[in-house]
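Hi,

Here is the structure I promised to send over. Have a look at it first, and my notes follow below.

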Number of protein chains: 2
Amino acid sequence: MVSTDLATIAAHLEGLEETIIHRLIDRAQFRRNRSVYTPSNSGFPDAGERSLFELRLRYQEEMDARFGRYQVPEECPYHQDLPEPERLAPLTESPLSRDAADAVNRTPEIVSAYLKFVPELCEQGDDGQYGSAVEHDVLAVQAIGRRIHYGALYVAESKYRASPDAFRDVASDPDPSARNDALLRLISRPEVEEQILGRVRDKVEYVQATVNLTVRRRVEPDLVIRLYRETVIPITKEGEIDYLLVRAAEGIHG
Amino acid sequence: MVSTDLATIAAHLEGLEETIIHRLIDRAQFRRNRSVYTPSNSGFPDAGERSLFELRLRYQEEMDARFGRYQVPEECPYHQDLPEPERLAPLTESPLSRDAADAVNRTPEIVSAYLKFVPELCEQGDDGQYGSAVEHDVLAVQAIGRRIHYGALYVAESKYRASPDAFRDVASDPDPSARNDALLRLISRPEVEEQILGRVRDKVEYVQATVNLTVRRRVEPDLVIRLYRETVIPITKEGEIDYLLVRAAEGIHG
């Protein structure tokens, strides 16, 4: 059984952080290559209006779906009409509420936030390395998505277990806006957020400490911190709220 | 035009090093999962004798082929019967000999060396994370392959240009074994190899300096150094010899 111990979950989130940092650095080695995000410009004959990036994301998710990626709750695809898995993953007992986990899919927002981030991450211009650019884009989006969804599901479940009454109480407020504000206050831990940001800064520094700047582009720690502050942390919290609303209702009615 | 300046090539190889290190560390977060390498055991209904790893490599290369990965000479696929690219990459002027580059494909050896390396890289046993294990295996193999082929082609071309007469002379030896030994002596630079190994050690240390050992498995620098010493460096040199034999013959006859 996967743990709901908050320290264990936090440590797992730390691990996912490293994958995100590595993949952002890999993407930053290529120029912005704006045309890969332009609709109807993939160069693939039957791709319709999809951009090269959207097409790569589609192909990647189709392959991953066949290999069973989306059988674990923390992996949420961008596309809903993906092929069935060709093999069944061994069922592991989950501490999550299945219905609450199914209520969380923040991937469209993650993709859109990432695409706004690319022009800051990459040097302006075009190097013709379109295939590499979108390959790394998709790997980066997947790493960010996994971090956000894993956090949303497991952190929310863990917090719910620590004080189910408080969550049930707040979630039963009939005013959706007041209810969400109160949930946000219940789940926010500013000191933990500051800790995460400090650790991300150290990691981005360390990982690039020995980089040869003749050929490698260095990613500024502040940039990754901004991605965490403006995208990773807030979207994780929105996902937690999605989860908790269903989870708390189950607690009341179930 | 891509440079044939040895310092620029070496700097590019340094960059590829980082990607290799990151991907090995990512794979090492999962157990060995031996069954993913067992033939006829993929769980995919129509996969025949392929293992899950072989199947993932096949799917990945099919996708990458459509996106044009194998249009650049330093990307060599494992499979020869891949789909055509759906879009044409912009042709960039290449400093390489096309025929000589086509003579180099060390991917089967790279895959086989990598699979021998997995049991040392990963903790023994099975964690059921088969999809993740083969996903990271394929990403690691691709990064190693790109490093080796890039080195083989560009370093060989650069060395050839520095002393074409010496290479033509040695390559015309009718005794294949004496000829290859002499080529190997001509291309070997032990002091550069020691430099690479030292740098790899530093990078593996640094990249993991801030790792939380509660949940992340640390990869020993010695392990990556062994992969470089026993696989990356010698296979690169074999690739250089493949290239130089064709390149020098062109120099004589062409």
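Let me start with the rings: over all chains, the structure holds 13 aromatic pairs, where a pair means rings of Phe, Tyr or Trp (its six-membered ring) with centres within 6.5 Å, called stacked if the planes are under 30 degrees apart, edge-to-face if over 60 and tilted for the rest. One of them is Phe67(A) with Tyr59(B), an edge-to-face pair at 5.3 Å centre to centre and 90° between the planes. That pair crosses between chains: Phe67(A) sits in the loop between helix H2 (52-66) and helix H3 (98-102) of chain A, and Tyr59(B) is in helix H2 of chain B. Helices here are DSSP runs (H or I, at least four residues), numbered from the N terminus.

Before you read on, keep in mind that this is a predicted model, in which local features need pLDDT of at least 70 and side-chain atom pairs count only at pLDDT 80 or more, while totals for chains, interfaces and linings use all residues. Residues are numbered from 1 along each chain as its sequence is written, chains are lettered from A and ligands numbered from 1 in the order written, and side-chain values use heavy atoms, without hydrogens and water.

Now the contact between the chains (heavy atoms within 4.5 Å). Chain B and chain A each put in 44 residues. About 4100 Å² is buried between them, 59% of that from carbon and sulfur atoms; buried area is the accessible area (1.4 Å probe) that two parts lose on being put together, summed over both.

Six salt bridges join chain B and chain A, each a side-chain nitrogen of Lys or Arg within 4 Å of a carboxyl oxygen of Asp or Glu. Arg69(B) and Glu135(A) make a salt bridge at 2.9 Å, N to O. On chain B's side, helices H1 (6-27), H2 (52-66), H5 (130-162) and H8 (190-207) each supply at least two residues. H1(B) gives the largest share, 10 residues.

As for symmetry, a rotation of 180° with 0.0 Å of shift along its axis puts chain B on chain A (RMSD 0.0 Å), superposing by least squares on C-alpha atoms of residues with pLDDT of at least 70 in both. The copies are thus related as by a two-fold rotation axis. In chain B, the C-alpha of Val207(B) is nearest the axis, 2.2 Å away. Since 100% of chain B's interface residues are also interface residues in chain A, the copies meet through the same surface.

Cheers
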